[in-house]
Amino acid sequence: MTKIQRASIYLFLLFAGIGLEFELGHLSQQEFSQSAGRDLVLNLSVLAAIIIPLYLFSKRLGKQLSVPTYILWIAMFGGAFVAGWLSFSGNSLIDIMNSQVIKDATVFNKWTDALTAPFSEEFFKALVAFWVVLMVSKKDLKAILIAGLGSGFGFQIIEDLGYVARQTKTSQLAAVTEAINRISGGLASHALYTAVVSVGVFLLLSQVTQQKEKLFGLWCVLSTVANHFLWNSPFYETDHRINLLVGLLFAVQVGTFIEVVLYTKKHPELPFLKQ
C-alpha cells in the first residue's frame, strides 16, 4: 500500500464518519411514535421493489466484468455517507450564490432543485467513485463503471430513506405515496447517473482514449447533467398522466447507460494512464 493510498483511506473514513452522523444520527433524533415507527419500516420495505433488483443487477454486472464485489460495497458506502453530506453542503452553497442572482422568491423556489443537484450531486458522487478506485488501486474502465454504479446506488438509497422518513412524520398515506414515487423514478436515477458520468469523466481524462471516445465521454457527462436538470425542473411537472418528457429522459438515460455497459464490455481493461 502506497502512502497516497493509505492517506486516501483515512480521509475517506474521516468523511464517512461525518456522513454516518449526518445521515443516521440526525434520523435517530427524529421523534417517531411507535405507530409511526412501524409505518416507517413498512414504507421503507416498499423501496425493496427497486433496491433489491438494482443491487442484484450491479453485483451480476461486476461479476461479468471480473470486478471484485468489495468495490461495489465500498462505493455504495461512500455514495451514502460521503457523497451524501458533501452534496448537501454543495447544494446549500450553490443555493446561497443563486439567491444573490435570482431575487424573485417564486422563481427561485421553482428552479432551486434544478440549479443545484445536477451539478453538486453528480460531481461528488463521481468523486467518490474515483476515490474508491484510487484506494483499491484498480484504475481501469470496468472498475470505474462498477464504482460509479455503487456510489450512485448508495446515494440513492440514503436519499430515498430520508425522503420517506420525512414523509412518514407527515402521514402514512403521504409516505407510501412518496415511496412509490421513488420507485417510479428509481431505475433512471442516481445509480445510472453516476455510472454514466464516472465513465464519461474517465474517457475524457484518460491518456489512452481517442477523440471519438472522448466525445462519447463528453456526451455521457453533459447528457446526464442535462437529464438531472430537466428532471428537477418545472418542465417535469404536469397534470397529465402521459408525460412525454419523462419518457424521453428515461429513454436517453437508460439508453446511454446500455451504451456505456456495451463499451465497457468491449474494453474492460482500458487504463486511465499510459503504461
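Helix 9 spans residues 190-205 and contains 16 residues. In this predicted model, the distance from its first C-alpha to its last is 22 Å, close to the 22 Å expected at 1.5 Å a residue.

The patch covers about 440 Å² and is made by Leu204, Leu205, Leu215, Leu218 and Leu222. Leu218, one of the patch residues, is located in helix 10. Leu218 has a relative accessibility of 35% and therefore counts as partly exposed, a class that lies between the limits of 20% and 50%.

A side-chain contact was found between His190 and Glu159, with a polar contact of 3.0 Å. Glu159 belongs to helix 7, which covers residues 141-170. Glu159 counts as buried because its relative accessibility, 18%, is under the 20% limit.

The loop between helix 9 and helix 10 holds Ser206. With a relative accessibility of 3%, Ser206 counts as buried. A polar atom of the Ser206 side chain lies 3.2 Å from the backbone nitrogen of Val208. When neighbours within four places in sequence are set aside, the contacts of Ser206 are with Lys214, Pro271 and Phe272. The C-alpha atom of Ser206 is also 8.3 Å from that of Lys274, although these two residues are 68 residues apart along the chain.

For the protein chain as a whole, 11 helices and 0 strands were assigned. The order of elements from the N terminus is accordingly written α-α-α-α-α-α-α-α-α-α-α. The chain has 275 residues, of which 46% count as buried. Contacts between residues at least 6 apart in sequence were also examined, and 81% of these join residues at least 24 apart. The accessible surface of the protein chain amounts to about 14500 Å², and carbon and sulfur atoms account for 66% of this area.

Technical notes: Residues numbered from 1 in each chain as written. Predicted model: local features only at pLDDT ≥ 70, side-chain atom pairs only at ≥ 80, totals over all residues. Heavy atoms only, no water. Helix = DSSP H or I, 4+ residues; strand = E, 2+ residues; numbered from the N terminus. Expected span 1.5 Å × (residues − 1). Patch = residues over 30% accessible without salt bridge, like charges linked within 9 Å, V, L, I, M, F, W, Y side chains within 5 Å. Areas by Shrake-Rupley, 256 points an atom, 1.4 Å probe, with all protein chains shown as cover. Salt bridge = Lys/Arg side-chain N within 4 Å of Asp/Glu carboxyl O. Buried < 20%, exposed > 50% of the residue type's maximum accessible area, 1.4 Å probe, protein only. Contact = heavy atoms within 4.5 Å. Polar contact = N/O pair within 3.5 Å; in protein donor to acceptor, adjacent residues only side chain to side chain.
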